[in-house]
Structure formats: C-alpha cells, structure tokens
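Me: I would like to go through this structure feature by feature. Please give the general idea each time, then the case at hand.

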Number of protein chains: 4
Amino acid sequence: MLALAKVSPGPGATIQHREIPIPKDNEVLLSIKIAAICGTDLHIYSWNHWAATANVQIPGIMGHECVGEVVDVGKNVTSLTKGDRVSVETHIPCGHCHLCLNGKSHICENLQLFGLHTNGCFAEYATVPEICARKIPSSIPDEIASVLEPLGVGVHAAQKADIKGKRVAVLGAGPIGIFSASACMALGAESVSISDIQTSRLKVALECTEVTTWNPISVKSSDVLSGHNTPDVIIETTGNERALQEALPHLRKGGQVVLAGLFAGNVALNLSSDLIFKEATFYGIHGRRMWSTWDLMEDLISNNKLNIKPALTHHLSLEDYAKAFQIAHSGEGVKVLLTP
Amino acid sequence: MLALAKVSPGPGATIQHREIPIPKDNEVLLSIKIAAICGTDLHIYSWNHWAATANVQIPGIMGHECVGEVVDVGKNVTSLTKGDRVSVETHIPCGHCHLCLNGKSHICENLQLFGLHTNGCFAEYATVPEICARKIPSSIPDEIASVLEPLGVGVHAAQKADIKGKRVAVLGAGPIGIFSASACMALGAESVSISDIQTSRLKVALECTEVTTWNPISVKSSDVLSGHNTPDVIIETTGNERALQEALPHLRKGGQVVLAGLFAGNVALNLSSDLIFKEATFYGIHGRRMWSTWDLMEDLISNNKLNIKPALTHHLSLEDYAKAFQIAHSGEGVKVLLTP
Amino acid sequence: MLALAKVSPGPGATIQHREIPIPKDNEVLLSIKIAAICGTDLHIYSWNHWAATANVQIPGIMGHECVGEVVDVGKNVTSLTKGDRVSVETHIPCGHCHLCLNGKSHICENLQLFGLHTNGCFAEYATVPEICARKIPSSIPDEIASVLEPLGVGVHAAQKADIKGKRVAVLGAGPIGIFSASACMALGAESVSISDIQTSRLKVALECTEVTTWNPISVKSSDVLSGHNTPDVIIETTGNERALQEALPHLRKGGQVVLAGLFAGNVALNLSSDLIFKEATFYGIHGRRMWSTWDLMEDLISNNKLNIKPALTHHLSLEDYAKAFQIAHSGEGVKVLLTP
Amino acid sequence: MLALAKVSPGPGATIQHREIPIPKDNEVLLSIKIAAICGTDLHIYSWNHWAATANVQIPGIMGHECVGEVVDVGKNVTSLTKGDRVSVETHIPCGHCHLCLNGKSHICENLQLFGLHTNGCFAEYATVPEICARKIPSSIPDEIASVLEPLGVGVHAAQKADIKGKRVAVLGAGPIGIFSASACMALGAESVSISDIQTSRLKVALECTEVTTWNPISVKSSDVLSGHNTPDVIIETTGNERALQEALPHLRKGGQVVLAGLFAGNVALNLSSDLIFKEATFYGIHGRRMWSTWDLMEDLISNNKLNIKPALTHHLSLEDYAKAFQIAHSGEGVKVLLTP
C-alpha cells in the first residue's frame, strides 16, 4: 500500500510502499477513505522544536484524522464488523488508570496518540484499536466524517467553558478556531468574534457561522474587545504567545479562558492582573471527551447546527502531499483533505 | 489620634498624629482594637515595584486587616449601631456594576481597596463604608476577629477548587498558606502538604492543622509530590515564580490550581505540558466572597474546625511598627498583630 | 387614579378610584404604561385554594408584571430619576438575610411579592421599592418590557438546567412554557418539544421559536418522548399533576427536571423509578436571578435571539379587565396585556 | 456448594446444595469470604410489593454485597488473576450505551443487578463479570471489604450534594444512613444530624462518627431541624414517605435533598412549597460511581477518615440465615454479615 512516512528526524516526509498491516486481536483494519492534515502534522512535517521533543515514532506513518471502512477485525473485536464506516479517535487510552476508570480516558495517564506514537492514516490502510474506532451514522458524508476529530476539539472547547449567553472571542481562524466558533454559536453563546492574521481564513469563518471577525494586523484588539464586546470567554487556538498576551487584558473580570492551541515554548503571563485580580479561570483542553463530545457533535450535525463544509477548503490526492502541506502551512487553506 | 501613614513614595512609614475622622453618610467610625499586617502592607512598606504601580493613596494611613468597635455611624447607616464589634472587608464594591448585581461584588468592576485606595486601620480610629463592616459574633475573640479577612482568602481558596476527598499541595506557609491548608482540612480534603523555605513557618503549620510539610531547600518537590502524594490540587500562595514552576509538573492530570499569591512580574509557564495536555484548570482568586465566605468561616470557627491561633505569632503595639514589619518581613513570624 | 383591586376573599375583582400613592424614602412612583396578567393573577381572581392560603393582601391592588415611567422618587433613591422607564421585579428582598448576602436575593428568607403582599400595578400608578425597579434600554419596546418578569422565568429555567446540546421537553405552552422553550433554543438546546391541550397555544409557540409541538389529548406522550426524542431535560410549567406524572417516565436516565408551574396541592410521584433509579435531578425555580437573568435576557433580546412578540396575543384596556381575565383563563390567549 | 436461594415467589428463602458455577469468558469465579445483607435482600426475602415487581430472577441465589477471592478466571479476563481479593460492584453495565460511554455506567441503560437479575453471593462461590470485580488493597480487612458496596452509596450521596461547610440532616440510621453521615463528616460537612426510630441504631451512629441524633418518635423534627440547625442538605435513606414529608418543610431555601432510600409506592409531595418556592434541588442516587466513588472510598479508609466498624453489628454463618434476616429486619442490628 501507499503511505506517507516520517523516516528520519528533520523536515519533510517520504512516500513509501508498505505491506498492508494485520490487525492485532483488539484492532480493526481500515481502508482509509479520506484523511486530513492537522496542525500537529505540520509540526512533524517541518520538524520544529516541539516535534523533535514529542516522542514521535520514527520511522512511522503520519496522520491521525480520517474516515475509513473496516475491512478486517482482530479476534477480540466485538463492536465492529467489516463494512462499518468509522472515524478515528486519536487518543488511545489504556483503559485501566484512574482517569480511564473515572470517565476521563481522553487524558489517560498512559495516553498514546494514533499517528504519532503509532502508525497513522496517511496511507491506504491503517490499523486502529477497537476502542478508538467510532462508527459514524450514514447521514454524515465522508468529508465531514474525516474531520470529526478536530471538530470535536472545537465542540469540547465550547463544552468546557460556560458559554451559554456569553460573549466569546476566539483567537485564530484555523480549523480549531473556526470549529470552536461554530460550536459556540450552536451551543448558545450570545456572540462570537474571531481573529486571524489571514483575511482569507476570516472569510471562511464568516461562511461557516455567524461571527464578527478582526485581523490583529489592521485593528487593535483594544478596539475590538472592549465596551459591549468585552469577552466573557476567550478561546485560544493559535499557540501564539503574543496573541494570548494581547487578548488577556481584555477579558472580563470573572471570565474564562480555554486554551487549546499548543505553544512551542514557555509563555510569559501577567498572572496577577490577568488571572488573579480578575478571578479568571483558565481551562486547558486536549482532544475531546470520549464519548460525550462525539455524541453531541453528531447530534449537532444531524440537526444542521454546524456548517463546517466551507472550512474544508482543499482536497488533494495523497501523492500530492507536498503541495497539500504547503497549502496548509501557508494558511492559504483552512482544512486540507487527502485521499490515499 | 495615632496613625501609621505612608507619606511619600519610597521605603518606610511614619507615625503621625491626626484628627479622628468623621464618618460620611454611608460610613461607620471604628475604634480599632487590633490590626494585622498583610503581605500587601509589606510591599507598600518596602515600596517595591508592585507598590509603586498599584495606585496607592499617598499620603494615606496604612492597614486593612482589623477588628474594631463602632463608635459613630453616618446618617444613612441602617445595619449597625454604636457598640457593634466588626471586622472589615477590604474590598469596597460600587454596588451598581454587573458583577455587584450578580453576586460577585468582591471583584466589582470599580473595586476600591480599604487601606490602599482609602485611609486604613493602622490607627486608633478608622472610617469604613457600612457595606464593608461585618458584625462579628461575640464567641470569636478579638485576635481571631482581627484576621478574618486573610483567613477568608484561605477559606475562599478551599471553596474555589473541588477539594472534597482530594490531595492538596499548598505552596507557602505564610498566613494565606496556613489558612488555606487549615480550611482544606476542615472542608474535606483527603490530605494536605505544605511547603516553605522557613522551617519555623512549617512548625506553625503543624500546630494549626494536620498537614505534612516540606522545605524545598532541603528536599526535592519531585520526591514529595509524587506517587500516592501526587497532588490533585495545588494552592499557590508564595507569589514566587520558581515555586509555581517547580510544582506544576507534579500536578495530576485533570488537576486544579488555585492562584492566590501575587507575582511581582510576568511568570513563564509551560502551558502546553502543565495546563493543556493535562486539561488542568487554573483559578485566580482575589479576596473572598461577600458574604458566603464570611458565613462559612464563622461557622467553621464556631464548630472548632479551624485552629488558627498558633499562626498569630506576634502581637506588638502600633508604635513598635518598625519591629513588627521587620518580623513579618523576615518570615520569623507568621501573622503579626498591632494594637494602636 | 383607576385601579383593579381585590376587596374581599372570593372570586372577582373591583375597579376603584384611589388616591395616587406617595413613594416612601426607598421607593419610586411609576406611571404604569402596560401591565400583564400572570397565572398568579388568575388564581387570585378566581380565588382558588392556593390564593386563599397564599397570604394575599386584602384589600389590595392586583398585578405585578408591568412597565412604567418613574414620575416621583423617595428621598433615599439614588439610582433612578424621573423619566426613567422601568420594569418591575416582583420579588422584593430584605437585603439582609443570608440569601440576600449570598447572591440569591430572589429567594430571600423574608421575601415579599409585589402585587400580592403589596399594592400592585393594575392601576394608573404604583409605588415600588427602588431595589425592584429595573431600568430598561430604550431599544426594548413597551410591550416587551411589560413581560420581562415572566420572560425571566423562562430564561431562568433555561439557565438552571444544563441544556447545552440537550433535548428539552416543555410541558405547557402558556407564557412561561413558550418563554422557556424560546430561551432554551436561544441558549443552545439541541431541540425543544412543547405540549399543550390547546392547539392555539401550540401555534403561538411555533410562531415564537423553532420547536416541535404535541397535544397530549390527541397523541400519547410515549409516542412523542421516545427513541431519539427521549428528553434529557423536562421543564414543567403547567402545575398539572397528571402532565408531570405522564412525562416523567420518559425522562432519560441521568436527566434533569425543572419545575416552574405551581401545583394547587400535593403531587404523587413515583420517586423510586422516576428520580432514584434514574439518578435524575429536580430543580425548583421561583422567579429569576437578580440580576443575572435580567442581564442575560436583555442581551438575548438585543441580539434578536428571542422572538416573543407572537405570544403577546391580546391587549386590552384595564377597564375591560373582566374580558381580559376571561381570555387569559380560557387559554384562548397566551399573554394578555392591559393598559390602565 | 451451599447457597441461599429464592426458589419461588413468596416469603422466605431456601438453603440448597448446588454445583460450583463455571465462569464465562468475561467472568471470574469467587470463593466468597463474607457477604452482607442489604435492604434489598430484605425486600426479596419478605417478598413485598417492590420485590414482586422488580424482575427478580427466580429461582436464583440471593445476595450482592461481598468480598471474595478469585479462584478461576474466564479466558477473556485480563485484569485479574487467581488469588486476587475482590469486592463486587452490584451494577453490571452493558459497556455500549450512551451512559456507559459517558462515564455513567452505574446507571447504564441496560443495567443488570448482581444477585437480583443474576445468581448472587449468598453462597460458597459466585461468578461475576470481570467489569464488576474490584481488586481491594490488602490494608482493608475482609469485614470492611464486604460492605464497600453499600458504603459506596453513602460516599456517593456525600459526593452528589455540595456538602462542603454545610449542615446535613440524614434521615434513617440504617447502614446507608450511617455510611452517608460518616462520609459527609469525612468530606467536609459542617455538621450532621441523623434520625431513626430505633435508639440502638442512633447509638451505633454515634460510635461511627461525630453526629447529633434524634428519634422522631420522641422529639419533633421542628424542634431539631430549626434555627441554627436548619439543614442545607437532607439525605433521605428510609424510603419512608412520612419521614421525607416531615423533613422537607425544614430544608433551608436553596437547599439540596439527596434521595437514596427506595419508596414502595408513590410519595405525595408538596412540590410548590417544598421544592419550587425554595428553589430546592432533589438528587436521586442509585449505587455509586464506577469507579470514582470506589477510589475515593478506599482513600478515605486508608487515611482513617471512615470508621464504620461499629456498624457491622452482627456476623453469622450462612446457615443461620433465618436468624440473620430477622436481626436485620427488626432493626436490632445495623449491618449483618454472613460467612458461607
């Protein structure tokens, strides 16, 4: 089969021909229909500081967002059969630690990540543990099904904070930012504003949901996030220190911050004025709840409350990976899909 | 009357003779029985960077923690009469902003602080707004009544996080740290450990409540905050960047951090590993709830669930202020009281 | 002035000519623009069992939902001046009890109700405590402003339960039912179904918001509240024992019930199967939060998220009170307004 | 093996000799060390209305509270081996429904109960699904390990309501009542009072934890649950309608009620005055969280925060079952243990 692999530390990736893998007892084999490029894949592709220290399996097949069809099942698999269409939950829990036993398996003490610590889905076939394969209703088309994993991060962000009737500012109009903004509007936020330094991404956000947008290059955040628009909630998806530093002083007293974007290094925060005097709350989020976020997400899609189609801006063949990565990296596209 | 005033920017303070103030329509005049030195007073006394930028009223009488007797009342005062014994809530709310109207007056949008933005209580008499004068049951002795305000910060910390059945690590065994540890044990924490670089303060903590202690100078936090003692909750009261940085990596996944200590400058945090991957929650707290924290605190004291007497290590005359500040500053004492 | 008064126990009410009242020190005098009939008024008018035991002031002027203009202020009033347009919050808190001091003044230990324990607003003029007079933005028209008090009950119901992404069933399409349904949709419910035995009211509900409707006379609740439509949340607004009894068995396990409608007598509940085995939660609500519900409600109206105009089905002159009460009582109308 | 079985509808039970069962693939075989009699067993033994309609498997071996040693394992069992000492969680979840997938498997949509819908533990051996067998630390003695299941109900009750710093009234001093009271004190309740019509049970409660007690036969609840002792939280464990009806009017406004005891039939409640006007919250609980309650319970025991030994009042041989049931039924004992 064709697969896009990271074969050594350093920038880039390599198309390889590999054997189709055989599922272990607790695994299923998927024929990948569509995969999608995540920010994490960009880090690994460009091999930045974070990637170099993130314990990435090398050599290994890249990719973790996808939809596929079950074509083989291990002998202990009971909940899935050949022909099932599934999306993959990237977080592979151990099932035994105190977090797994307490409804928080998505942050399992022994968490493994699909496509990072294991072979992933930028390939014609992939094996995934049964526990991470989510059967998807037929009403959800393949393209949407391929990005449920990152969509789940946005829905989880909107679940984590109390956004009901609140003013939300989302930092960053990449996939996670746009998905968060869409989820907040679907789940009862009073209003959402979203920022990005790429005007093209703000346009995509406007196609997806009812937001106001601002480009911090051309307008000051103090002009946008003030008065009646002072945010009750900030959702940070950029991983950019300065974006966070500029936004925090505008948070309302008693407000909430959800941090989803990964920062490459330390972040300097004025905790006294931005957290303590305000009695603010900062929530870190990683992934999405298994499986309440998925349940909710599918309900929202079924009831036409999430319109994320415009965010799927590009769709290429896996063999065009270099171009696909360039589009995703440049910010020209929002979500870039790959068909193996 | 005798008063300890800050008469100009720069280190130190000055004993003055002043007129006894006259309460405004919504104020009461207190004859101060006992006042107590807070960390904030130390900042103002030594005139550090924080003090220089904190909008301190100069000239002004210092001090905000106290118990006193009402000796005069303004004409609009309805809830207090001469002879009432009261403690002072430092946070002076406006009563009109959205936070005041929503049960969060302690972080009022237009918050004024007694003894910082107004004349305070290091004096024989002080005027305070009726809204900040809390009548205290006679069962609570004067010494305890003089420190209800900082005790409230500790109780508020224990209210803010979900500490029921949890392992708590408290950073710093100054007054706020010891009060937080005591409140956590009173309110159902599974266990509490507390750190300080002054062994004498750890001894005081042990006299107050059932904690384990560690001195980060002599033992590594990784030896203390690991295995079965991995903390579910960290309460930070030092305002020391390094203390926080060293403790955070030990926080359990899904854990909570309460930040009460003020940091002089920016704090460099590894948000990705210490907040985001862990799905941790950081809560800032400032002061205490008006008045649920006070209600709870008085109940805990009445039911003998808080034993803070050992933390009141020194009691001097106001005229001995220089010595008192030196004791408080050096960490030789925990809570230092002053009688005008 | 003209006023509709309850002059003695028993059915009916009487139009009287009275002196214009003089506001006390802490009161304002309102010139009533529009008042609205509440279910409570129907109880008092028909003088049922509840009314007979509810401590209604007799003789007294009826009515508590209204918008008016401030035409005089008592000498201690500071937040309002002549010409201000205000709605009235029916709940008059004491300001001193532990609930008032803890952000729950709407259920004050010493609660008085405007128009029930005091003279009300079915009159040309009424006095109200400053603390209950809410200034209303000019963007909200008089008709809407006259029903903010009952609209607040619906918004409070939607705030009380966790409705974000949830399926909600509302029992009763009277004003509170329709307002609750509208608020749930505005605040992120996945879907809302609403029941009533009057088809005309269900039509009004459909005009106000995006709901599904059912008439329990013609369809079985088991046909409606099952399968994918099994409710996560039930909001009960009928005060009808049978409506509640029929709905509860359909509540999802782990579900929530908000009880807003008043029951005339005891209600027989199968607590074992409907509450305990399901680990359900029942929330009673009374009125609305002061003032977070009002803040949120005004925001929702400003952002065009609540369309309650169709529920204001009738508007009569105060002198036509008999007809107005008949329309409200029969269920022919939803909300019936009165102009003095 | 020896087993106590329900062989036909109607009062009583029968000692039988049976084959030792063989565990299925996902089951373990336990050699039962100690079992304990639950209120549910009393219902089934006396065959009251509840039992007759509860879908009890007949013929079937009774009993569900126990500690035992694993002596055989099914071929798919991975987490347990021979020699492990385990307690049994009565709730057998399906593992696939939305509640199982959302951290609420203890109220699984397809819940089966061990010893009710399956053969139970009043026998020398019993098979249990691996998913319900909880390995117990060796520091917990057998007698305590045999009652962790009902102790978990008490701990779950104390987890469900917000009891931190609150006054709690527990109705009933049977095992669940005493365990609830003990857990509330361990988890930070301000104070706990407990009622029972059997003075002997109140004595046991006093031996277990620091409570006040009252016997509703000799004192009026209005004398006990008033003034400073007005309860913030009521935990109902009697299943007695009158006990609940008498207590509810004393609940503080804004208070919480946890309902754990099963009622044989409908319960007549004055919802308007006892739930709605008070904005009270009623929580039903069933069993305990899997596995957060178990984790917490074991921590509390390890830290000597639960002293339930005095509640284990009797310990008989399984063959003396008739006497054991009589002791449990009469209320002479609190928790009655059986050794097969």
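Me: Which residues of strand E11 of chain C are buried on one side, and which on the other?

Reply: Buried means under 20% relative accessible area, exposed means over 50%, and partly exposed lies in between (1.4 Å probe, protein chains only). Strands (E, at least two residues) and helices (H or I, at least four) are DSSP runs, numbered from the N terminus. In E11(C), Arg167(C), Ala169(C) and Leu171(C) are buried on one side, and Val168(C) and Val170(C) on the other, which leaves both faces covered. Five of the five residues of this strand (167–171) are buried, so E11(C) is largely enclosed by the rest of the structure.

This is a predicted model, in which local features need pLDDT of at least 70 and side-chain atom pairs count only at pLDDT 80 or more, while totals for chains, interfaces and linings use all residues. Residues are numbered from 1 along each chain as its sequence is written, chains are lettered from A and ligands numbered from 1 in the order in which they are written, and side-chain values use heavy atoms, with hydrogens and water left out.

Me: In which sense do E11(C) and strand E12 of chain C pair?

Reply: Two strands pair if DSSP finds at least two bridges between them. E11(C) and E12(C) (residues 191–195) have five bridges and pair in the parallel sense. Arg167(C) stands opposite Ser191(C) in E12(C).

Me: What is the strand order in the open sheet of three strands in chain C?

Reply: The order is E2-E1-E4, with antiparallel pairing. E2(C) (14–17) and E4(C) (60–61) are at the edges with a single partner strand each, so one side of each has no neighbour in the sheet. Between E1(C) (residues 2–6) and E2(C) there are four bridges, and Leu4(C) is opposite Ile15(C).

Me: How many residues of helix H4 of chain C are buried?

Reply: The count is 11 of 13, so H4(C) is largely enclosed by the rest of the structure. Among the buried residues are Leu148(C), Pro150(C) and His156(C). For length, the expected span is 1.5 Å times one less than the number of residues. H4(C) (residues 148–160) reaches 18 Å from its first C-alpha to its last, close to the 18 Å expected.

Me: Where are the domain bounds in chain A?

Reply: Such bounds come from an automatic or database domain assignment. Here, domain 1 of chain A covers 2–147 + 308–339 and domain 2 covers 154–284. Their C-alpha centres lie 27 Å apart. With contact taken as heavy atoms within 4.5 Å, 15 residues of domain 1 of chain A touch 14 of domain 2 of chain A.
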